Amino acid sequence: MGYTDSIINKAGAIQTSSLSTGGLLNPEQARKFIQQTFESNELGKHIRHVIRTAKTGEIDKIGIAARLLRKKTENTDDGYRADVITNKLEYATTAVRLPWEITEETLRENIERASFEKIVTDLMTTQIGLDSMDLYLNGDTEVSADNADHDFLYINDGWIKQLKNGHVIDKSSAGTMDIGMFYEAVKAVPNKYNNGKLRWLMSPHRAQEWQKYLLEKCINNGSTAPDSLYTMPVSIPTIQVPALSDDTIILTDPQNLIVVNTYDVKVRKTIEGKEAIMQDKRFYVCHFDFDPIIEELDATAIITGLTA
C-alpha cells in the first residue's frame, strides 16, 4: 500500500482526482495528512505532536514540585497548600511548501499511464515526511549562506541547535567513542528525568560504529559484552534516526521533543492558466507549517564532536 493510499483509507485526504477543485483539505483530512508524515519515520512515531489553529502562540506546561507531603495534625488546618507549577512554551510556526509539476506528454506516454500522477503524488508526500524530520532536527536560521543546503536549513531552528544551549558533552578533542561518554550524558540529566523514558537518538551509522567499538574491545581483550549493551548503552534503548548526523548523539525522552503544526494544510493542483496551457503541464503545491520546540531543555543531553 502506498503512502497516499494510507491517507486515503484513513481520511480520504488526498486523491488526485479531487485536486481539480483546488485541493483545500478539511481540518480532519489535514490532521490525518500531517499525522501520516510523522508515521513515515521511526522517530516521528515517538515525539510529541501538537496541533494549533494559530500560527503563533503558547503551549501550557504544567508540573508538580517534589517533597510536598506534610505531617497531619488531627482536626487542624495549618494553611499549607501545595502549588501547581505553570509555565508556557512559546511557538511560532514557519510556512513551507513543496511544488512539483508533470507534463501532459509524460502522463500520456509513460507505462503507468493514468496511475503515474498518483505515483508521483505518493513520492512527494513521502518526501514531505522525510524532509520535515530533517528540518525538525537540523534546521538553523544562522546557517552560512555558503552552505549548499542553506535554502533548506535556514527555514527554522531545529532541536539540535536548541539542545546545544543545554547539557553538551563535547568529544571533539577525543573524537572516538567510548562507554564513558554515555555515562557523562546520563549524569548531566537530573535524576528526576531518568525515569525509564529516556532514549538515545543516533544515526544508523553511529549505532553500527558503537557495535564495532564493542566488538573490537571484546576481540582485543578476549572477553564478551552483554548483548543488550550493543543496543542499550547504560540500559537505555536506542532509536535510529537517519536524519541525524553521524557526529551527534542525543539523550532525551522523545516526548520532550515537540512539533507544532496548524491544520490548514493545502494541496493544490491546476491545469488552467497560461503556463499550464503553453507548457502543457499540470502544477501542484503542498502548503503547511511547523515549529520544533523542546519542553524541558534540562531533561536533555547531546554528545557532539564524534568522528563521523
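Biologist: What volume does the largest cavity have?
Modeller: The largest cavity has a volume of about 40 Å³, where a cavity is a set of points on a 1 Å grid over the protein atoms alone at which a 1.4 Å probe fits but cannot get out, and a volume is the space filled by probe spheres set on the points, which are joined across faces, edges and corners. This is a predicted model, in which local features need pLDDT of at least 70 and side-chain atom pairs count only at pLDDT 80 or more, while totals for chains, interfaces and linings use all residues. Residues are numbered from 1 along each chain as its sequence is written, and side-chain values use heavy atoms, with hydrogens and water left out.

Biologist: Which residues line the largest cavity?
Modeller: Its lining is made of Phe-33, Ile-34, Thr-37, Phe-38, Ile-128, Tyr-136, Asn-261 and Phe-288, a lining residue being one with an atom within 4 Å of a point. Helix 2 supplies the largest share of this lining, 4 residues, and the residues divide into 6 nonpolar, 2 polar and no charged, with Ala, Val, Leu, Ile, Met, Phe, Trp, Tyr, Cys and Pro counted as nonpolar, Asp, Glu, Lys and Arg as charged, and the others, Gly among them, as polar. Helices (H or I, at least four residues) and strands (E, at least two) are DSSP runs numbered from the N terminus.

Biologist: OK, and the second largest pocket, what lines that one?
Modeller: The second largest pocket has a volume of about 240 Å³ and is lined by 13 residues, of which Val-96, Arg-97, Asp-131, Phe-152 and Ile-155 lie nearest its centre. A pocket here is an open set of points with protein on both sides within 12 Å along at least five of seven lines.

Biologist: Which helix gives the most to that lining?
Modeller: Helix 4 does, with 5 residues, and the lining as a whole divides into 8 nonpolar, 2 polar and 3 charged.

Biologist: Switching to rings, how many aromatic pairs are there?
Modeller: The structure holds 7 aromatic pairs, a pair being rings of Phe, Tyr and Trp (its six-membered ring) whose centres lie within 6.5 Å, with planes under 30 degrees apart counted as stacked, over 60 as edge-to-face and the rest as tilted. One of them is the stacked pair of Trp-100 and Tyr-284, at 5.3 Å centre to centre and with 5° between the planes. This pair links distant parts of the chain, with Trp-100 in strand 4 (residues 94-103) and Tyr-284 in strand 11 (residues 281-294), 184 residues apart.

Biologist: Are those two buried or exposed?
Modeller: Both Trp-100 and Tyr-284 are buried, where buried means under 20% relative accessible area, exposed over 50% and partly exposed in between, with a 1.4 Å probe and protein chains only.

Biologist: What about Leu-43, what does it touch?
Modeller: Not counting residues up to four places away in sequence, Leu-43 touches Met-133, Leu-137, Trp-159, Leu-201, Ile-239 and Val-241, contact meaning heavy atoms within 4.5 Å.

Biologist: And why does Val-186 count as buried?
Modeller: Val-186 counts as buried because its relative accessibility is 12%. Val-186 sits in helix 7 (residues 179-188), and, leaving aside neighbours within four places in sequence, Val-186 is in contact with Asn-194, Trp-200, Val-234, Ile-236 and Leu-251.
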